[in-house]
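Reader: Could you take one part of this model and go through its packing slowly, giving the cut-offs behind each term as you use it?

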Amino acid sequence: MEFQQGDRISIEKDGVEYEGMVMPSNTHHIVLKMSNGYNAGISAENAKITVLQKASNVQDAHANDTSQLNKTTKGKLPKVSILSTGGTIASKIDYRTGAVTARFSADDILKAIPELTEIADFSGRAIYNILSENMRAEYWEELARAVAEEIRDGADGIIIAHGTDTMMYTAAALAFMVRTPVPIVFVGSQRSADRPSSDNATNAICAAKVAVSDIAEVCVVMHGSESDDICDIHRATKVRKMHTSRRDAFRSINSEPIGFVDYLTGDIHTHLEYNNRNSQELDLLEGFEPKCALIKFTPGASPDIISYYLDAGYKGIVIEGTGLGHVSSEWVPMIARATSMNVPVVITSQCLHGRICDRVYDTGRDMLRAGAIEGEDMLPEVALVKLMWALKRSDDHAAVKKLMVQNIAFEINERSPE
């Protein structure tokens, strides 16, 4: 019996029947991706093999199914646009390589999670199809323009499917660029859809609930615990991925989440005040200066690191200092050199929790005299994105400093929580 990668087959061997999708194999065994998400390697010797569906037919059936999405509910529910950028939530096994790859479209997400069609009338478009480590500032701008276009065309909410590794950067970028009258919800998954422990369905359904809610902000909706019980609603400028692989990897830093979605009931419970739907007009403030750097200070590190970026023509620098926001006294003259060249230097902390205060110790006061800007309680990544955005608003050091210490998109708390 002839079969190929991607075919669905059954194998009867030693009184046991196995059924699944054929995956690549580097051995003499046939490797199947079974319906429970696990792989099984089976020797073809003395086995009965039956081809149930050819790979081309699987793809044709898939295309036919997606055309039926939303057919029964169209026009009766809120309109939500899914913008797909790639990432694990929109990934599947590539049967050429056996690796997880970003290939799904927005329609694929709806087909994989049909419960979504009971929440909203969905439309979808792929903005790009990349793994999130390949994200760039110009892609943020393209995404923001697409979001604005969907809102102008009548979308009641936006869902952005995005890889988790750099989701916090893109979410922060949109928070600074887009003043929105509707919810803009980033969602991803830590584990691909073919795994039995995948979080994609829970996250997507909770994201859809937020997309039709009254929370008209840019936010991130991801698992709030290791169980499939709640998803937290994080502010775009206060969220960080804090674990490489756990399903509840995302945490709000220096803030509570806005609230959470009860997955079982679909109810939304809020902790914080938020911008209400239609409380502001749509506005798009595009533009990022890509030549900005995020530098992590370490003991003994040479101040020549700053010199490198200055000589390379960088326009802004964010430093992750220690504790309250400190670097070695050897770095202070180089900070002064940067500010004399009209290159803003923003100080954040490696501690993440808490806020910067460079008025306690001598080195901190010297840094301030050299022109350093205190990053308040901003996350280093958020400070970087904000500085990139601020430098497109003005190239004047004083004006940029004023923007950096101003709360634009909930990135700065007046007082940090204990």
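Author: Angles under 35 degrees count as roughly parallel, over 145 as roughly antiparallel, 65 to 115 as roughly perpendicular and the rest as oblique. The model is predicted, so local features need pLDDT of at least 70 and side-chain atom pairs count only at pLDDT 80 or more, while totals for chains, interfaces and linings use all residues. Residues are numbered from 1 along each chain as its sequence is written, and side-chain values use heavy atoms, with hydrogens and water left out.

On the α6 side I306, S307, L310 and D311 meet M334, I335, R337 and A338 of α7, where contact means heavy atoms within 4.5 Å. The residues of this contact between α6 and α7 divide into 5 nonpolar, 1 polar and 2 charged, with Ala, Val, Leu, Ile, Met, Phe, Trp, Tyr, Cys and Pro taken as nonpolar, Asp, Glu, Lys and Arg as charged, and the others, Gly among them, as polar.

Elsewhere, the axes of helix α4 (residues 167-177) and helix α9 (residues 380-390) come within 9 Å and cross at roughly 40°. That angle makes α4 oblique to α9, and the crossing of α4 and α9 is right-handed. In α4, M168, Y169, A172, A173, F176 and M177 meet E381, V382, L384, V385, K386 and W389 in α9. The residues of that contact of α4 with α9 comprise 10 nonpolar, no polar and 2 charged.

In the order β20-β21-β22-β23, 4 strands form an open sheet with parallel pairing, where two strands pair if DSSP finds at least two bridges between them. At the edges stand β20 (292-296) and β23 (373-374), each with a single partner strand, so one side of each is left without a neighbour in the sheet. Strand β22 (residues 345-349) runs parallel to β23 and is joined to β23 by 2 bridges, with I347 opposite E374 in β23. Helix α9 packs on this sheet, touching β20, β21 (316-321) and β22, and the direction of α9 makes about 170° with that of β21.

Another pairing involves strand β1 (residues 8-13), which runs antiparallel to strand β2 (residues 16-23) and is joined to β2 by 6 bridges; the bridge partner of I11 in β2 is Y18. The hairpin of β1 and β2 has 2 residues between the strands, and D14 takes a positive phi near 55° there. Strand β1 is also joined by 5 bridges to strand β5 (residues 48-53), again antiparallel, with E12 opposite K48 in β5.

Definitions and conventions
Axes fitted to C-alpha atoms, helices over the stretch in contact; angles between N-to-C directions. Left-handed = near helix turned anticlockwise from the far one by under 90°.
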